[in-house]
Amino acid sequence: DEQLDLDDGRWEDIHVVTGALKLFLRELPEPLIPFSHFDKFIAAIKIQDLSLRGRCIRDLVLSLPPAHHDTMKVLFRHLCRVVGHKEENRMSVQSIAIVFGPTLLRPASEEGNMAMHMVFQNQVVEHILNHYGYIF
C-alpha cells in the first residue's frame with residue numbers, strides 16, 4: 001500500500017532494489033514455484049534427454065497456478081533483460097541462477113542434501129532463463 005518514489009536518491013544503488021526484490025520473494029509464505037512442484041522440477045532438470053527435459057519443464061511452468069505463472073513470466077522476462085547487459089553488470093545466467101534459484105524454488109522442509117538441492121535449484125532457474133521464449 002505504500003507509495004514509493006523510485007526517483008528518490010536512496011534507490012539509486014541497484015543492490016538495494018535487487019535485495020528488496022529477493023527479500024520479498026524469499027518472505028512469501030510459499031515460493032514462486034510452489035512446494036508442491038519442487039520435486040517435479042528437480043526430477044525434470046535431471047532428465048538426460050534435452051528435448052524431453054525442455055518439454056517437461058515448460059509443462060510444469062504451464063501447470064503453475066495463474067498468479068505464480070504470471071509473476072514468473074514477468075520476473076524471468078526482467079531477469080533475461082538483466083542478463084542481456086551482463087557485460088556491464090556482470091550478471092550472467094549462471095550468476096542470476098545462483099542468486100535466485102534457492103529463493104524461487106525450495107523444498108517445504110530443509111531436510112536432505114541441501115547442497116545437492118541448490119545445484120538443481122540453480123539449474124532449473126538457469127534452464128528457464130535460457131529457454132524463456134519457448135517456456136512462456
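1. Asn130 sits in helix α7 (residues 114–130); helices here are DSSP runs of H or I with at least four residues, strands are E runs of at least two, and numbering starts from the N terminus. The model is a predicted one: local features need pLDDT of at least 70, side-chain atom pairs count only at pLDDT 80 or more, and totals for chains, interfaces and linings use all residues. Residues are numbered from 1 along each chain as its sequence is written, and side-chain values use heavy atoms, with hydrogens and water left out.

2. Stay with Asn130 for a moment. Its relative accessibility is 45%, so Asn130 counts as partly exposed. The scale: buried is under 20% relative accessible area, exposed is over 50%, and partly exposed lies in between (1.4 Å probe, protein chains only). Asn130 and Ala97 are separated by 33 residues in sequence. Their C-alpha atoms are 11 Å apart in space.

3. Aromatic pairs. A search of the whole structure returns one. The pair is Tyr132 with Phe136, and its geometry is tilted. The centres are 5.0 Å apart and the planes make 35 degrees. The rule takes rings of Phe, Tyr and Trp (its six-membered ring) with centres within 6.5 Å; planes under 30 degrees apart are stacked, over 60 edge-to-face, the rest tilted. Tyr132 is buried at 16% relative accessible area. Phe136 is partly exposed at 22%.

4. What does His69 touch, leaving aside residues up to four places away in sequence? The list is Val61, Leu62, Leu64 and Phe136. Contact here means heavy atoms within 4.5 Å. Phe136 is also a member of the aromatic pair. His69 itself lies in helix α4 (residues 66–83). Its relative accessibility is 15%, so His69 counts as buried. Another reference point for His69 is Ile33, 36 residues away in sequence. The C-alpha to C-alpha distance between His69 and Ile33 is 8.5 Å.

5. Salt bridges. The structure holds one. The criterion is a side-chain nitrogen of Lys or Arg within 4 Å of a carboxyl oxygen of Asp or Glu. The partners are Arg58 and Asp59, with the closest N and O atoms 3.6 Å apart. Side chains of opposite charge can pair when their charged atoms come close. Arg58 is partly exposed at 22% relative accessible area. Asp59 is partly exposed too, at 42%.

6. How many disulfides are there? The count is zero, with a disulfide defined as a pair of cysteine sulfur atoms within 2.5 Å. For Cys56, the nearest cysteine sulfur is that of Cys80, 20 Å away. For Cys80, the nearest is that of Cys56, at 20 Å. On accessibility, Cys56 is partly exposed at 27%. Cys80 is partly exposed at 25%.

7. A surface patch. Ile14, Val16 and Val17 form a nonpolar patch with about 230 Å² of accessible area together. Patch members have over 30% relative accessible area and no salt bridge; like charges are joined within 9 Å, and nonpolar side chains (Val, Leu, Ile, Met, Phe, Trp, Tyr) within 5 Å. Areas come from the Shrake-Rupley method with a 1.4 Å probe, and for residues only the protein chains shown count as cover. Val17 belongs to helix α1 (residues 14–27). Val17 is partly exposed, at 35% relative accessible area.

8. A backbone point to check by eye. Arg90 has a phi near 60 degrees, a positive value in a residue other than glycine. Where is Arg90? It lies in the loop between α5 (86–89) and α6 (93–104). Arg90 is exposed, with a relative accessible area of 70%.

9. Last, the segment before α1. Leu4 is placed there. Leu4 is partly exposed at 44% relative accessible area. Leu4 and Ser63 are 59 residues apart along the chain. Their C-alpha atoms are separated by 34 Å.
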